[in-house]
Amino acid sequence: MSPLGAEHLEQVAGIEERGQLTPMSRGLLAPILAGDSRSRIIGAFDGAGTLAGFLIYSLLPPESELEDLCVDLPFRNLGVGSSLMGAYCAILEEAGCSCSHLEVRISNAPALHLYRKWGYGDVGRRRDYYRLPWGGREDALLMTRSGA
Ligand SMILES: CC(C)(COP(=O)(O)OP(=O)(O)OC[C@H]1O[C@@H](n2cnc3c(N)ncnc32)[C@H](O)[C@@H]1OP(=O)(O)O)[C@@H](O)C(=O)NCCC(=O)NCCS
């Protein structure tokens, strides 16, 4: 697990485009990777040095926000998402962030499972928050994890 830099833009953008219904653009990812943003990014690599997934977050102690988490398709269900969550929780503890927030599509069963496993509980719902690529919208579930 390590911080990512500008040299990882193509890999991160590719994982995001393959993995998300409405991917973040290169224009949004580039300043994060360059360190020109309040958001930070960590990545998980396989033994051959291929980027398997990444997690984007921001810290505003004692609060924090998990902004994006994506694991590339061939690496799903192998524990990469869980490893990224573990690294993120360790960062929160070190930074003194006792409260972490996130938003997730209500239909995203694998992500909901992972977040609940890592101690996030449901705290609210935003109606029609996310756009669907095939038209229409879906709700966001708001989740919070309290405690280091
Ligand atoms: C959500 C995501 C990051 C999980 O990454 P991952 O590396 O596959 O996660 P892990 O392998 O650590 O854990 C996956 C867990 O989800 C479970 N799972 C998989 N598919 C599931 C489903 N359809 N319903 C419920 N749980 C499911 C697995 O059984 C596993 O649980 P376990 O560890 O208790 O056995 C990955 O699916 C992803 O990148 N999705 C697209 C992007 C996204 O939706 N990001 C999150 C919202 S921003």
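Q: What should I know before I start?
A: This is a predicted model, in which local features need pLDDT of at least 70 and side-chain atom pairs count only at pLDDT 80 or more, while totals for chains, interfaces and linings use all residues. Residues are numbered from 1 along each chain as its sequence is written.

Q: At what angle do helix 1 and helix 2 pack?
A: Two packed helices are described by the angle between their axes and the distance between the axes. Here helix 1 (residues 9–19) and helix 2 (residues 26–34) pack at about 135 degrees, with their axes 10 Å apart. That makes helix 1 oblique to helix 2 (angles under 35 degrees count as roughly parallel, over 145 as roughly antiparallel, 65 to 115 as roughly perpendicular and the rest as oblique).

Q: Which residues make the contact of these two helices?
A: Leu9, Val12 and Ala13 of helix 1 meet Arg26, Leu29, Ala30 and Leu33 of helix 2, where contact is counted if C-beta atoms, placed from the backbone, lie within 7 Å.

Q: Where does the backbone have a positive phi or a cis peptide bond?
A: Most residues other than glycine have a negative phi, and most peptide bonds are trans. In this model a cis peptide bond, with omega about 10 degrees, joins proline 61 and proline 62, and proline 62 is placed in the loop between strand 3 and strand 4. Asparagine 77, although not a glycine, has a positive phi of about 60 degrees, and it lies in the loop between strand 4 and helix 3.

Technical notes:
Axes fitted to C-alpha atoms, helices over the stretch in contact; angles between N-to-C directions. Helix = DSSP H or I, 4+ residues; strand = E, 2+ residues; numbered from the N terminus.
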